[in-house]
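Here is a friendly note to read alongside the model.

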Amino acid sequence: LLQTLDYRSCEATMKCRVITTGDTHEWTELLARFQDSDVYFMAQYHQLYEVGDESAAYAFVGEEGHDLFFYPFLLRPIRKVGTLTIQGRWCDIETVIGYTGPLCTTTSPAFLCDVWNCFSTWCKEKGVIAEFIRFNPLTENYILVPDSCAVTNDRPLVVLRIDCSTDELWRRYPSIQRNMVRKAELRQLVCDEV
């Protein structure tokens, strides 16, 4: 399913569209244009989070010349807030578990402004009232969002290179983590290599 948008708020040369996980081929081709995409951005990964009519995965795509913007997310209906049943067609957006957010081949303020304007118009049409993005800490893609987006550092992350032997990986762990693993093993928890 492909939805082409023709919004007056977008520049005449900006082409915006929304694709679904059903168009895996186009989704994959678009991702191939980015060096920093990973499994969390893939259509197949997003399909795992589509649950009946409760959520649908989309990617918002903006193109102008050689510049490309790609933002995968889940669109979910809001049926209740606490015990209050919500009337109408309201939705929220959330990125899948993992680290995604937008990808873009440029940081041009003009391009980003145009693409976010197109996205905002699409959100208004869909009744989107809230959005939660799990940004990718390795790509620092939080810099791509407009100033109206509140970015919060939720927690520190630890990144380890795993292209080494198990012994070398074990030596790289800080002693406190090695001690926690040993305690877990004493309690008969099992740790296996994948």
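1. Two strands are said to pair if DSSP finds at least two bridges between them. Strands (E, at least two residues) and helices (H or I, at least four) are DSSP runs, numbered from the N terminus. With that in hand, β4 and β7 pair in the antiparallel sense over four bridges, and L74 has E94 of β7 as its bridge partner. On to β9: β7 and β9 run parallel and are joined by four bridges, with D92 opposite A130 in β9.

2. A word on what you are looking at. This is a predicted model, in which local features need pLDDT of at least 70 and side-chain atom pairs count only at pLDDT 80 or more, while totals for chains, interfaces and linings use all residues. Residues are numbered from 1 along each chain as its sequence is written, and side-chain values use heavy atoms, with hydrogens and water left out.

3. The overall picture comes next. The protein chain has five helices and nine strands, in the order β-β-α-α-β-β-β-β-β-β-α-β-α-α along the sequence. Its C-alpha trace spans about 65 × 45 × 35 Å along the principal axes. Of the 194 residues of the protein chain, 36% count as buried; buried means under 20% relative accessible area, exposed over 50%, and partly exposed in between (1.4 Å probe, protein chains only).

4. Now return to strand β7 (residues 91-94). In a regular strand the side chains alternate between the two faces of the sheet. Both faces of β7 are covered: C91 and I93 are buried on one side, and D92 and E94 are buried on the other.

5. Strand β2 (residues 15-20) deserves a look too. Five of its six residues are buried, so β2 is largely enclosed by the rest of the structure. Strand β3 (residues 56-64) pairs with β2 in the antiparallel sense over six bridges, and C16 stands opposite G62 in β3.

6. How many aromatic pairs does the count come to? The total is 17, with rings of Phe, Tyr and Trp (its six-membered ring) pairing if their centres lie within 6.5 Å; planes under 30 degrees apart count as stacked, over 60 as edge-to-face and the rest as tilted. W27 and F70 form an edge-to-face pair, 5.6 Å centre to centre with 80° between the planes. W27 lies in helix α1 (residues 24-31) and F70 in strand β4 (residues 67-77), so their pair ties together parts that are 43 residues apart in sequence. W27 and F70 are both buried. Elsewhere, ring pairs link Y58, F60, F69, Y71, F73, W116, F119 and W122 into a cluster.

7. The cysteines come next. A search of the whole structure finds zero disulfides, a disulfide being a pair of cysteine sulfur atoms within 2.5 Å. For C104, the nearest cysteine sulfur is that of C16, 11 Å away; C104 counts as buried, at 17% relative accessibility.

8. Finally, two backbone details. E140, in the loop between β9 and α4 (166-172), is not a glycine, yet its phi is positive, near 50°. Q188, in the segment after α5 (175-186), has a positive phi of about 70° and is not a glycine either. Is Q188 buried or exposed? Q188 is exposed, with a relative accessible area of 70%, whereas E140 counts as partly exposed at 44%.
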